[in-house]
Amino acid sequence: MRRTGTTRRSALTASGALALGAVLTGCGGGDPDGGRTAPAGARAASARAALRASAARSSLALAARYAQVAADHPATAAGLAPLQEAVRAHAAAFSADAPPRPEPTAPSPVPSAAPAGDAKAALRELAAEERRVAGERAEALLTTEPELARLLASVAAAGAVHAYLLTGLAEEATA
């Protein structure tokens, strides 16, 4: 009759295999570049911070564009004010974990391709810019961590709604 169960030979073979595996793991581990680059967690945090900063900058540029259109076409100012405030809130949400920076006193002028007297064209361009920024944010949310992806998705959706509202405002505007 053959013996079943663990024998001394199989126990020694298994422990030897485990020891060899541990030695090989210890020798093969570590940073291939000797620790000269940042760990993966630091790189991910840096990428997150860069994405948030970029999104905040694009929101601030969009807010400046709203201000420019409102200044060029005063009849649109009342309709643009709540949307511009929302865009500023988006910028603040993206820069929530960054140290506060002083805001410039006046936004820098953003060149417009629309004729100076054409409010409809200016509003359509602003709607197109909202769509473009919303599209960029929708693409970025696919490759980022969940919390930032939720924020990007929310702001991208708000941008799409802004574009819709701006298109409606353009239809109501008098040239």
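Biologist: Which residues in α2 are buried?

Modeller: In α2 they are Arg52, Ala55, Ala56, Ser59, Leu62, Ala63, Ala64, Arg65, Tyr66, Val69 and Ala70. Buried means under 20% relative accessible area, exposed means over 50%, and partly exposed lies in between, using a 1.4 Å probe and protein chains only. Before we go on, please note that this is a predicted model, in which local features need pLDDT of at least 70 and side-chain atom pairs count only at pLDDT 80 or more, while totals for chains, interfaces and linings use all residues. Residues are numbered from 1 along each chain as its sequence is written, and side-chain values use heavy atoms, with hydrogens and water left out.

Biologist: Good to know! Why does Ser54 count as partly exposed?

Modeller: Ser54 is also found in helix α2. Its relative accessibility is 35%, so Ser54 counts as partly exposed. Along the chain, Ser54 and Ser95 are 41 residues apart, and their C-alpha atoms are separated by 9.5 Å.

Biologist: How many helices and strands does the protein have?

Modeller: There are 5 helices and 0 strands, giving the pattern α-α-α-α-α along the sequence. Both kinds of element are DSSP runs numbered from the N terminus: helices are H or I over at least four residues, and strands are E over at least two. Of the 175 residues in the protein, 26% are buried.

Biologist: How do you know that the length of α2 agrees with its residue count?

Modeller: The expected span is 1.5 Å times one less than the number of residues. For the 33 residues of α2 that gives 48 Å, and the end C-alpha atoms are 48 Å apart, so the two agree. The 27 residues of α5 should span 39 Å, and the ends of α5 are 39 Å apart, which agrees. For α3 (residues 77-94), 18 residues should span 26 Å, and the end C-alpha atoms lie 25 Å apart, which agrees as well.

Biologist: At what angle do α2 and α5 pack?

Modeller: Helix α2 (residues 40-72) and helix α5 (residues 146-172) pack at about 15°, with their axes 12 Å apart. Axes are lines fitted to C-alpha atoms, for helices over the stretch in contact, and angles run from 0 to 180 degrees between N-to-C directions. Angles under 35 degrees count as roughly parallel, over 145 as roughly antiparallel, 65 to 115 as roughly perpendicular and the rest as oblique. That makes α2 roughly parallel to α5.

Biologist: Which residues make the contact between α2 and α5?

Modeller: From α2 come Arg48, Leu51, Arg52 and Tyr66, and from α5 come Leu148, Leu151, Leu152, His162 and Leu166. Contact means heavy atoms within 4.5 Å.

Biologist: What do the buried residues of α3 pack against?

Modeller: They pack against α2, α4 (119-140) and α5. The buried residues themselves are Leu80, Leu83, Gln84, Val87, His90, Ala91 and Phe94.

Biologist: Which residues is Leu169 in contact with, leaving aside its neighbours within four places in sequence?

Modeller: Leu169, which lies in helix α5, is in contact with Gly79, Leu80 and Leu123. Leu169 and Leu80 are 89 residues apart in sequence and 8.9 Å apart in space, C-alpha to C-alpha. Across the protein, residues 24 or more positions apart account for 78% of the contacts with a separation of 6 or more.
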